[in-house]
Each structure stands twice: as C-alpha cells, then as structure tokens.
Amino acid sequence: MTGPVAADIAAGGLSADAPLPRHPRFVSLEGGEGAGKTTVLNALREALQQTGAEVVSTREPGGTPLAEQIRELLLHPGDEKPSAETELLLMFAARAQHVRGTILPALERGAWVISDRFTDSSYAYQGGGRGLDPAFVAELERRVVGLRPGLTLLLDLGVAQGRERTRGRDLVFGQTPDRIERERDDFFEQVRRAFLARARAEPERVRVVDASQPAQAVADDAVAILRLFMARSAAEQAS
Ligand SMILES: Nc1ncnc2c1ncn2[C@@H]1O[C@H](COP(=O)(O)OP(=O)(O)O)[C@@H](O)[C@H]1O
Ligand SMILES: [Mg+2]
C-alpha cells in the first residue's frame, strides 16, 4: 500500500485537527433501509463503466472476506445482543479491513470505488440511532479510516416508505429482516435525522437525493450529480 493516505494511516492516523482527505474516485451511497442504495449503485456503475473506467463496487459492513465475516457477527449474532459500543467497534474493525484490503488498493491502481454505505452510516446508526458520542465516531474515523469519499449520495426517504420497500424485497427474495432492520421506527427516525445533519455539515460532499421518486428518476438524479462532480474534479485538476 502506497500513497499519502495509506502512509498517514500506516503512521497511526492523521493529526487531530487535519480535515480528512476526500478521494475524487471514491463514491459512497447512504440512506436508510430500502432507500434504493443497491438500485442506484448499479446505475452509477454503468455510467462510470461507459467512460471506460474500472469500477469496484463494494459494501459495508463487508467488502473483504474477513469484513464479511464481521458483517455476519453484526447482523446475525445469535442470542447475545451486542452493546452499542461493540456494534461501533465491530463496524470499524470491518471498515479498517475494507479500507486497507479493497478500497485503497483499488484507488491506487486508478479504479473508481462505489461503496454501498461507509463511515457516514456509523455517524447515523451508532451515533444518531444508538446515541453514542459522535466525537468517539470521529476519533475512530480519523485513526482507522483516514479518508472520506469525494462524493456521497444520501438517498433520503421516509421511514414508513423504506419499510414498505424492504418488505416487498424480502417477500420476493424470501429474506428475513436482519438484527438492525428489526429496530423500531423511532430508531430509524433518529438515523434519518443524523444522515441529514451530515449533509448539512458537509454539503459539497454529501448530496441529498429525493429517494421517494420512482426508481428511474432517483437513478437519473444520482447519475447527473455524479457527472457534475466528475466535471468539477476534472476542472479542478486542470486549473
Ligand atoms: N425509487 C424506488 N421506488 C420504488 N421502489 C424502489 C425504488 N428504489 C428501489 N426500490 C425497490 O425497493 C427495494 C429496496 O431497494 P434497495 O435498492 O434494495 O434498497 P437499499 O439497498 O437502500 O436497502 C427493492 O425491492 C427495490 O427494487
Ligand atoms: Mg441494499
């Protein structure tokens, strides 16, 4: 692993007050359950592949074999309920592995990376939903992640509508809701609020998409935002 971000992480993290670097070929998709992240990811991948780019699509928790095993622990843990702190640390354990094993190697060889969820989900679920201190999340982000996406699309959808969509999907695919999907509506309301606060705090990076629209309109909005972002990045590089 080489490059400035990899070197900073290897050295034990970036200094306390340095803003985290954003990588211009790293895109994340965020939003609640059923917002349409997987659907949009496919549209973004196609748009990028049309430009001839190599695209690595990945997801969290997960994205490497070990991180996928941690995902299983998180979402299907058996009888013992993980504490909020356990959940946060397992999320970051998986993310540490994902960044080093999948994301940085892909970025360093010139590929685009699209991740279905990334660190914003920890601020939203373990911060907003579980009530853990966002400063603790930020400290873990700084020490073990060390980078942010250049662009994050927040697919914003009402909680009830998201539930209806996942119910439909689970019926079609014969799936049952995982541990986090079984939370109550007020938990997901907190998650949604925390996501929207992330967008307000970093509006150039986190772009809100109205996910209540029909799937094609959501995908079109997402692709248009990506193209604008690519044009801006290209202009910045040229100047
Ligand atoms: N804009 C949309 N309108 C209606 N249904 C949608 C839309 N986007 C996705 N869906 C459907 O809703 C379900 C959840 O979408 P999915 O992409 O799996 O969401 P997520 O990955 O965010 O949980 C799927 O069955 C999908 O086909
Ligand atoms: Mg999905």
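Which residues come nearest to ligand 1? The legends below take up this question first and then move on to the rest of this predicted model.

**View 1**
Welcome to the ligand site. Around ligand 1 there are 17 residues, and the ones that come nearest are Gly36, Lys37, Thr38, Arg165 and Arg169. Three helices, α2 (37-50), α7 (159-173) and α9 (215-238), each supply at least two residues of this shell. The biggest share comes from α7, which gives four residues to the shell. Sorted by class, the shell holds five nonpolar, eight polar and four charged residues.

**View 2. The protein as a whole, as a guide to the other views.**
Starting at the N terminus, the elements follow the order α-β-α-β-α-α-β-α-α-β-α-α-β-α. The radius of gyration of the protein is 17 Å, close to the 18 Å that the globule rule gives for 239 residues, so the protein is as compact as a globular protein of that length. Along the principal axes, the C-alpha atoms fill a box of roughly 50 × 40 × 30 Å.

**View 3. Helix α4 packed with helix α6.**
Here you can follow helix α4 (residues 84-108) and helix α6 (residues 134-145), whose axes are 10 Å apart and meet at an angle of about 30°. Because angles under 35 degrees count as roughly parallel, α4 is described as roughly parallel to α6. Their crossing is right-handed. On the α4 side, look for Phe92, Arg95, Ala96 and Val99; on the α6 side, the contact is made by Leu140, Val144 and Val145. By class, the residues of this contact are six nonpolar, no polar and one charged.

**View 4. Helix α5 crossing helix α8.**
This close-up turns to helix α5 (residues 119-129) and helix α8 (residues 185-201), with axes that come within 8 Å and cross at roughly 135°. That angle makes α5 oblique to α8. The crossing of α5 and α8 is right-handed. From α5, the contact is made by Asp120, Tyr123, Ala124, Tyr125, Gly127, Gly128 and Gly129. From α8, the partners are Phe187, Gln190, Val191, Arg193, Ala194, Phe195 and Arg198. Counting by class, the contact of α5 with α8 brings together seven nonpolar, four polar and three charged residues.

Terms used. Residues are numbered from 1 along each chain as its sequence is written. Chains are lettered from A and ligands numbered from 1 in the order in which they are written. This is a predicted model: local features need pLDDT of at least 70, side-chain atom pairs count only at pLDDT 80 or more; totals for chains, interfaces and linings use all residues. Axes are lines fitted to C-alpha atoms, for helices over the stretch in contact, and angles run from 0 to 180 degrees between N-to-C directions. Angles under 35 degrees count as roughly parallel, over 145 as roughly antiparallel, 65 to 115 as roughly perpendicular and the rest as oblique. A crossing is left-handed if the near helix is turned anticlockwise from the far one by less than a right angle, and right-handed if clockwise. Two residues are in contact if their C-beta atoms, placed from the backbone, lie within 7 Å. Ala, Val, Leu, Ile, Met, Phe, Trp, Tyr, Cys and Pro count as nonpolar, Asp, Glu, Lys and Arg as charged, and the others, Gly among them, as polar. A residue is near a molecule or strand if its C-beta atom, placed from the backbone, lies within 6 Å of it. The radius of gyration is taken over C-alpha atoms; the globule rule is 2.2 Å times the number of residues to the power 0.38.
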